[in-house]
Amino acid sequence: MSEGDSIHHLARRLRPALMGSPLEGAWNPGGRTRGRRWDRQLRGASVVGVTARGKHLLIRTDNGLVVHNHLGMSGSWLVRPHEESWPRPPETAWVVLRRAGRDVAQFGGPFLLLRTRAETLGDPRLRRLGPDLCVAREVDVPRIVRRLRDDDGTRPVGDAFLDQRTMAGVGNVWKVEVCWALGIHPLLPLDAVTDDELAAMVRWIAPRIQRCGRLGTHLRPREIYGRAARPCPRCRGRVLQRGSGDDHRPTYWCADCQPWRSALVGRDAPLATARRVG
Ligand SMILES: [Zn+2]
């Protein structure tokens with residue numbers, strides 16, 4: 001599943017395969033990009049950067065182009081020595097980049113674009129991204145709490161953390177696990193969660209998601225995600241599950257140690273009132 005840390009880690013893994021000597025070719029076997037002549041634009045160009053912005057992957061070349069990719073729930077990149085066979089049908093790859101005896105292929109996902117650097121910088125999907133929790137220097141906790149407070153106070157706190165315009169990088173697993181770790185019901189309206197709790201959630205996620213971005217997503221905490229109807233590892237209460245948000249993402253919580261509470265807490269608290277001014 002693609003969350004910010006998986007894309008940052010992917011960028012690290014693709015760098016040695018793509019950076020260095022020029023690309024020897026580019027093919028578009030899959031229907032989405034067929035006929036777009038990526039080979040003409042990319043053959044002979046050198047990759048000068050492979051970076052992640054939230055859940056977006058950006059591959060920059062020295063001739064001013066950017067491969068802009070979002071993997072969504074199901075996309076992937078694979079690297080293989082070019083004489084080796086693929087674990088997936090090669091004709092389903094959206095693009096195959098060849099360099100130094102290796103093929104780097106992209107499969108699935110909602111979009112893959114090749115555009116100029118200026119076009120990419122102007123892309124609203126990138127321009128609207130909030131601070132990236134996977135990048136330590138972007139994590140200004142009070143600023144992120146203010147951004148959360150600008151959101152609709154009736155919105156479930158878990159959904160608010162998934163909104164990439166507020167902060168980038170958090171996906172469904174991180175949302176579920178941070179709420180469990182801090183004993184906060186993920187479906188509580190934002191107005192029922194204090195500023196201190198929101199700050200604690202950001203502070204809990206940031207160092208962990210950055211570590212996974214460096215070292216791999218196998219280090220992600222997985223205490224209750226995917227464990228509906230099983231006992232809570234902390235209190236042995238029952239783990240419940242419900243879809244939440246626009247795309248009905250599965251949300252898990254413990255019936256006992258993540259209790260429901262009234263939204264009045266946040267609305268009446270002095271901090272919460274103060275934030276509405278200015
Ligand atoms: Zn529990």
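## Sheet order and edges

Four strands form an open sheet in the order E1-E6-E7-E5, with antiparallel pairing. Strands (E, at least two residues) and helices (H or I, at least four) are DSSP runs, numbered from the N terminus, and two strands count as paired if DSSP finds at least two bridges between them. The edges are held by strand E1 (25-27) and strand E5 (76-81); each has a single partner strand, so one side of each is left without a neighbour in the sheet. On average, neighbouring strands of this sheet are turned by 15° against each other, direction ignored.

This is a predicted model, in which local features need pLDDT of at least 70 and side-chain atom pairs count only at pLDDT 80 or more, while totals for chains, interfaces and linings use all residues. Residues are numbered from 1 along each chain as its sequence is written.

## Strand pairing and helix packing

Strand E6 (residues 93-99) and strand E7 (residues 102-107) run antiparallel and are joined by six bridges. Leu 97 stands opposite Val 104 in E7.

Helix H1 packs on the sheet and touches E5, E6 and E7; contact requires C-beta atoms, placed from the backbone, within 7 Å. The direction of H1 makes about 145° with that of E7, where axes are lines fitted to C-alpha atoms, for helices over the stretch in contact, and angles run from 0 to 180 degrees between N-to-C directions.

## Domain arrangement

The protein chain is divided into domain 1 (4-127) and domain 2 (136-275), with bounds from an automatic or database domain assignment. Their C-alpha centres lie 32 Å apart. Eight residues from domain 1 and ten residues from domain 2 take part in the contact. Helix H1 (residues 4-18) supplies five residues, the largest share of the side of domain 1 that touches domain 2.

Technical notes:
Two residues are in contact if their C-beta atoms, placed from the backbone, lie within 7 Å.
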